[in-house]
Amino acid sequence: MDAQLKRGLLEACVLSVLSQSDSYGYKIVKDLSGLVEISESTLYPILKRLEVSECLTVYAVEHNGRLRKFYSITEKGRSAISDFLENWKDVITVYDFIREGWQNDKM
Amino acid sequence: MTKCEFLEALRNALSQLPQSEIEKSVAYYEEIIDDRIEEGMTEEEAAAGFEDAGAIAKQIMLDLPLGVLVKSKVRPQKSPSDGVKWLITALLILGFPVWFPIVLAIAVVILSVYIVIWSVIAVLFVTVLSIGISGIACVIASLFAFPLNILTAFAAVGGGLVLVGLAIFAFFPAKHAAKGLIWLTGRFARGIKSLFIRRESVI
């Protein structure tokens, strides 16, 4: 998949996961790995970017004697999700159009 | 590779970055490794399941805003102590009569290169324009000549049209040449910038 496209999708995926509940890096990767190809190294810059754009906040929780960073979605993050859904309505319309044309072409 | 070895390697690969960025990145990967170990992996497996530290560091640096990156490359991370800062400021002030004329001269030279290039472009277009205008003038003059001497008038019209045609014909090579010269100024500017930014294999 195109790198730029994938990045946008992954950001929306991460926000979606966080909108269900706060989570931490390792768990986010696990939750998403069934859906998309994502590694911890891919996730890190995404989390950083989302933090910079104020779509999430970070806090630390003690776990087994170490500090675990939890990410929490913000209002801005929620509206980013809704923007994503709005934008992709058009993509889906185009996709359906092309697929229909493709099937008719096969005939 | 143990967890410590991996984190050390990562820290080294990131060494040019500000301390806060290094700590954040290292803390992230340490947490991942610890989580993996908690899930049952051995330390070896947990520290191994990444691309190598160099590649990770490169990705982190690529993702940083360009400003942070250029600053970290151009200025050494160890911020100079106050004493050194004062010394440098004093030297700059004392040395003003020395470095300022030099910087000014260099700036003037750069400016004159630009002026020369743009003047050539201007000359090209002015030439084409004047050929065109003289052609039109000829045709207009011929209108006055008609009542006086028909032959002269026709010669003037013909000559005028030739000149206008020449101008139109010459316009396109002039535009091409102008574009080439503008590209030249672009190369020149980039060459000067590259003197300041020591770009290495970050890309």
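A salt bridge here is a side-chain nitrogen of Lys or Arg within 4 Å of a carboxyl oxygen of Asp or Glu. The model is predicted, and a search of the whole structure finds 17 such bridges over all chains.

**Stop 1: between the chains.** Select Arg66(A) and Asp35(B), whose side chains meet in a salt bridge at 2.8 Å, N to O. Arg66(A) belongs to strand 3 of chain A and Asp35(B) to helix 2 (residues 19-39) of chain B, so this pair joins two chains. Arg66(A) is buried, with a relative accessible area of 15%; Asp35(B) is also buried, at 2%.

**Stop 2: strand 3 of chain A.** Select residues 66-73 of chain A, a strand with 6 of its 8 residues buried. Now show strand 2 (residues 56-63) of chain A, which pairs with strand 3 in the antiparallel sense over 8 bridges. Thr57(A) has Ser72(A) as its bridge partner. The hairpin of these two strands has 2 residues between them, and Asn64(A) takes a positive phi near 50° there. Strand 1 (residues 23-24) of chain A also runs antiparallel to strand 3, joined to it by 2 bridges; look for Ser23(A) opposite Tyr71(A).

**Stop 3: two helices of chain A.** Select Arg49(A) and Glu11(A), which form a salt bridge through their side chains (2.5 Å, N to O). Arg49(A) is in helix 3 (residues 40-52) and Glu11(A) in helix 1 (residues 3-20) of chain A, so the pair ties together parts 38 residues apart in sequence. Arg49(A) is partly exposed at 22% relative accessible area, and Glu11(A) is partly exposed at 21%.

**Stop 4: two helices of chain B.** Select Glu23(B) and Arg11(B), a salt bridge with its closest N and O atoms 3.4 Å apart. Glu23(B) sits in helix 2 and Arg11(B) in helix 1 (residues 3-13) of chain B, 12 residues apart.

**Stop 5: surface patches of chain B.** Select Glu5(B), Glu43(B), Glu44(B) and Glu45(B), which gather in a patch of negative charge on the surface. Helix 3 (residues 43-48) of chain B gives the most to this patch, with 3 residues. Glu44(B), in that helix, is partly exposed at 45% relative accessibility.

Then move to the nonpolar surface patch, whose members include Val84(B), Ile88(B), Trp99(B) and Phe100(B) and have about 890 Å² of accessible area together. Helix 6 (82-94) and helix 7 (96-145) of chain B each give two or more residues to the patch, and helix 7 supplies the largest share, 6 residues. End on Phe100(B) in helix 7, partly exposed with a relative accessible area of 34%.

Notes:
Residues numbered from 1 in each chain as written. Chains lettered and ligands numbered in written order. Predicted model: local features only at pLDDT ≥ 70, side-chain atom pairs only at ≥ 80, totals over all residues. Heavy atoms only, no water. Patch = residues over 30% accessible without salt bridge, like charges linked within 9 Å, V, L, I, M, F, W, Y side chains within 5 Å. Areas by Shrake-Rupley, 256 points an atom, 1.4 Å probe, with all protein chains shown as cover. Lys, Arg positive; Asp, Glu negative; His and termini not counted. Charge placed at Lys NZ, Arg CZ, Asp CG, Glu CD. Helix = DSSP H or I, 4+ residues; strand = E, 2+ residues; numbered from the N terminus. Buried < 20%, exposed > 50% of the residue type's maximum accessible area, 1.4 Å probe, protein only. Pairing = 2+ DSSP bridges.
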